[in-house]
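Subject: Structure handover

Hello,

Here is the structure we talked about. Please open it first, then read my notes on its side-chain contacts below.

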Amino acid sequence: MDAPPRRVGKRLIGRYLFLRIALGTILLTGFVVGSVFWAQSLGKTDSQCRAQALSVLNLGACAVTVSARFTYNSSFHPRIFRDNKYCWYSILIVIVLQVAIIYIPGLNYYVFKMRAMDADQWGITALFMFFQFVGMEAEKAFRRYLKSKGADTDDRELTVIDRILADADKQGQTGSFRAESKHDIASFRSVELHR
């Protein structure tokens, strides 16, 4: 909340946020797929592999959430447990629901086509959750390093693409709908339908 507002004409998702989203997605996808192959190599059934994949996906997303708590500060610190009890409530809800859909008879197999996971599968899940957290924290450390060298890691300045789009918008070439321009809702719909 201490940051100044986004510049007019600036994209909502800047290049560093996009890279963070892409890194989190690539890591999470890799860990989910890797956990299934690992579970298959241990001789787990397809139903157990599905439970493994969903567990790694959900708990990996929890790791991303905890890492995203601070933009630049490391989450490897006790402050992560303070000042945001609702984050921890939501993580607890995710874990309870995850355990419920894996272990409640009928719900686990007939609805989700899963079987109960073994202790070694929970270990794999915890390991990949930790790796996801470390990967996201490494990205934050790299951004801190870039920021210390003067890079615009907050994406406050207009990039080349932002300037091109802003210039094209001034000349009326983009066909975008702006609330401050003299378009009506019908012209907005026609522009969106032609895209």
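A residue is called buried when its relative accessible area is under 20%. Lys 44 has 15% relative accessibility, so Lys 44 counts as buried. Keep in mind that this is a predicted model.

**Salt bridges**

The count comes to 5 salt bridges. Lys 44 takes part in two that I want to point out.

One partner is Asp 118, with N and O 2.5 Å apart. Asp 118 is partly exposed, at 32% relative accessible area.

The other partner is Asp 120, where the closest N and O atoms are 3.2 Å apart. Asp 120 belongs to helix α5 while Lys 44 is in the α1–α2 loop, so this pair ties together parts 76 residues apart in sequence. Asp 120 is partly exposed too, with a relative accessible area of 36%.

Next, look at Glu 139 and Arg 20. Their closest N and O atoms are 2.4 Å apart, in a salt bridge. Glu 139 lies in helix α5 (residues 119–148) and Arg 20 in helix α1 (residues 15–41), so the bridge ties together parts 119 residues apart in sequence. Both residues are buried. Arg 143 joins them: salt bridges with shared partners make one network of Arg 20, Glu 139 and Arg 143.

**Aromatic rings**

How many aromatic pairs are there? The count is 9.

Take Trp 38 and Phe 128. They pair edge-to-face, 5.9 Å centre to centre, with 80° between the planes. Trp 38 is in helix α1 and Phe 128 in helix α5, 90 residues apart. Phe 128 is buried, at 10%.

Phe 76 and Phe 133 also form an edge-to-face pair. Their centres are 4.9 Å apart, and the planes are at 80°. Phe 133 is buried, with a relative accessible area of 13%.

There is also an aromatic cluster. Its members are Phe 31, Trp 38, Phe 128, Phe 130 and Phe 131.

**Charges over rings**

The charged end of Arg 79 is placed over the ring of Phe 70, 5.3 Å from the ring centre. Lys 113 lies over the face of Tyr 109, 5.5 Å from the centre of that ring.

Best wishes

How values were computed. Residues numbered from 1 in each chain as written. Predicted model: local features only at pLDDT ≥ 70, side-chain atom pairs only at ≥ 80, totals over all residues. Heavy atoms only, no water. Salt bridge = Lys/Arg side-chain N within 4 Å of Asp/Glu carboxyl O. Helix = DSSP H or I, 4+ residues; strand = E, 2+ residues; numbered from the N terminus. Buried < 20%, exposed > 50% of the residue type's maximum accessible area, 1.4 Å probe, protein only. Phe/Tyr/Trp six-rings, centres within 6.5 Å; stacked < 30°, edge-to-face > 60°. Lys NZ or Arg CZ within 6 Å of the ring centre and 35° of its normal.
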